[in-house]
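Please look through the structure shown below. The paragraphs after it start from a single residue and then turn to where two chains meet.

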Amino acid sequence: MTTTAIPPEARHAPAAASKRRPKREREGAAWVFLSPWVLGAIVLTLLPMAVSLYLSFTDYDLFNPPKWVGLRNYVQMFTEDPRYWRSVVTTLTYVVIAVPLQLALALVVALALKGMKRGKGFYRSAFYAPSLLGASMSIALVWRAVFNDGGTVDNLLGTGGWVNRPGWALLAVALLTVWQFGAPMVIFLAGLQQIPAELYEAAAVDGAGKWRQFLSVTVPMLSPVLFFNLVLQTIQAFQVFTPAFAVSAGKGGPADSTLVYTMYLYDRGFVASHMGYASAMAWVLLLVIGIVTAVLFRTSRSWVFYASEGDR
Amino acid sequence: MPGHRTKGFCASAAALALCAVLAGCGGSGESAGGGKIVLRYTWWGNPDRAERTEQAVALFEKQHPDVDVSTSFSGYDAYKQKLATQAAGGDAPDVMQLDYRQIDQYATGGVLLDLAEQKSVLRTSEIDRGLLATGRVDDVQYAIPQGRGTETVAYDVRTWKESGVPLPGKSWTWSEWADTMRALAKKTGKPGATDPGQSEDAFEVWLRGQGKALYTKGGGLGFTAADLTRWWTFTDKLRREGAVSPAEQTTQLDGSVENTPLGRGTSVTDANWDAPASGFVALIPTGVALAPMPSGEDGTPGQYFKPSMFLGVSAGTGHPKEAAQLVDFMINDPEAAKILGASRGIPVNETIRAETGPRLKDFDKTIAGFQASLEGKLKDPPQAPPSGDNALQSTFQRDYDQVSYARMSPREAAENYVTEAKAELRS
């Protein structure tokens, strides 16, 4: 980094003594300008992470000084806490429902918008809007009202309130996420527009129909973008909190059916005041997300196609 | 020396940036707007209590022109979580409303100010000794009780009368209560009561009716999984019969009267504390009345007079004197007492109770009358619950969810709860 950062004129400086000083001064200035961000990273990210790692080996109730307990939190988590495993299963179920649904919807809408001639801007904004609004608490509360008993869905479909049924509540939470498909959609759209039109023309000449074109041209050409979206959305889905929190009014109910991992983490930390346990949970989550991402990258070798590979 | 200057510049820039970061999370009690002292005062409650509190606070501000009180409130569940987070972050509000369950944890955790330090502005001489002692931990007065409360069965008078079922008398046993709920459900077509299975408070009343208690003197669990199994079997059966609210409604309870089945108009009665019960008046304009909680089968009363809630001052407040003045005002000021009525329970200040008692109006009068009818009949209150109870209250509700959604048998859920409770109380 240091060598590439030196501009050419500095490299050709004549005397060795004067060569050093400007470099150091430049570095100093760089650090001064960087300091807010470096400090931010240290104070707001690295330090809390280190503290959390330490706390994960302690018994800490927020009020009294932490007590060192070694691996007890981790042992308890894996061997003595059925609710922990329930939250793991709930989260995995959520990821498996929400991520494919969301990506599929994003892709379908992106394909529809790509060919559109008029009103493109309007529809793009309209479909993107939920992603901007969706993360907010207010929309989540509206969602709760819609899926509550006596709510809109209940009236229209007569299925009763989804958020009050253990079998349906998680689906209501997942739908809130799926509905926010704007970000992956925009990325898909950008990806679609990168695909050269000649490929479609050539495919058409060879007699490929729309479906064939989609499978043989669009999907492989889009696979890097698809992969990118998949990784990003999976990581996000593992950390889902707001929709589950709002839809279940902060309880993960009914009957723990929406108790996703981060909700349980929150419950242990802030409701039951077991910060050490919550910290340990956070570190396990980090590790699992790391592993899942690594696995996704592994499998990507067999299905992601980069156009540049053809040149080699 | 340019090198040194750079270093110095670096350090000061770093210090500046750090200040900017820290300024964002300043502590409580900073002055703002026109050099006034700002006191943060938080509490839980309902719109009825909010209106009266705002009026009282406005009066306090008028009497203390240099103080600006910023209040905020929410439902009990949300309040409990938010306060714990604030307290842990060293950012507890200057004056905070506390529950019996929180006193022990907050006092031993160093969150609360020793109120003896502010004796000069905070008078406690007119408060019943026994009641005052409930705010004491290790002989230090950390909080002042604000009112006296007891549990009650609040009911929708018109619906009950129209059903033709005889109105509740001065006492009833749990089995008489259950039969009445069945009869109400049959006649009105809606459940008689909120499913009491989810409520640790109702369970405590039931348990005390049998001469037992939630906690032992040493802070351990005072009942067995078999006791809890019997309770949950009892409520589970009532729910299956439709005599109490279905799981879909019970799970929506969050400590606010608005989200109870009675508040939503989908049941005839609700077991609640008497002070928040005044919130039902706005929701059921056709009339709300109070009946005693059911007693044990041999007539042993389970309900008791409890300090309804407390006021405490943050140990980290920048204005301990003004904060104590606010506490004193809320508890001892006759004008404030007139405004507040019984919205936080019957006043603890004996002079005020004697003076304003007969002058109480509307529902406040109902509450006072209800408490008077129980006077001398109830057993002594239990000692303050141990720290772990704060979390167990939610666990209780959650474990019962498993029963009401038929995911676990009462026995399985009860055994789960007892295991969790024992772990919680040990740590």
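In this predicted model, Glu200(B) counts as buried because its relative accessibility is 4%, and the cut-off for buried is under 20%. Glu200(B) belongs to helix H8 of chain B, which covers residues 200-208. Leaving aside residues up to four places away in sequence, Glu200(B) touches Arg101(B), Leu214(B), Tyr215(B), Asp389(B), Leu392(B), Gln393(B), Phe396(B) and Tyr417(B).

The next topic is the interface of chain A and chain B. To this contact chain A gives 36 residues and chain B gives 39 residues. About 3,100 Å² is buried between the two chains, with 55% of that area on carbon and sulfur atoms.

How many salt bridges are there between chain A and chain B? The count is four. A salt bridge joins Arg83(A) to Glu420(B), where the closest N and O atoms are 3.6 Å apart. Seven residue pairs, both members at pLDDT 80 or more, are in polar contact across the interface of chain A and chain B.

On the side of chain A that touches chain B, the elements giving two or more residues are helix H3 (16-55), helix H5 (82-114) and helix H14 (261-271) of chain A. H3(A) supplies the largest share of that side, nine residues. By residue class, the side of chain A that touches chain B consists of 17 nonpolar, eight polar and eleven charged residues.

Terms used: Residues are numbered from 1 along each chain as its sequence is written. Chains are lettered from A and ligands numbered from 1 in the order in which they are written. This is a predicted model: local features need pLDDT of at least 70, side-chain atom pairs count only at pLDDT 80 or more; totals for chains, interfaces and linings use all residues. Side-chain values use heavy atoms; hydrogens and water are left out. Contact means heavy atoms within 4.5 Å. Buried area is the accessible area (1.4 Å probe) that two parts lose on being put together, summed over both. A salt bridge is a side-chain nitrogen of Lys or Arg within 4 Å of a carboxyl oxygen of Asp or Glu. A polar contact is a pair of N or O atoms within 3.5 Å; within protein, one must be able to donate a hydrogen and the other to accept it, and residues adjacent in sequence count only if both atoms are side-chain atoms. Helices (H or I, at least four residues) and strands (E, at least two) are DSSP runs, numbered from the N terminus. Ala, Val, Leu, Ile, Met, Phe, Trp, Tyr, Cys and Pro count as nonpolar, Asp, Glu, Lys and Arg as charged, and the others, Gly among them, as polar. Buried means under 20% relative accessible area, exposed over 50%, partly exposed in between (1.4 Å probe, protein chains only).
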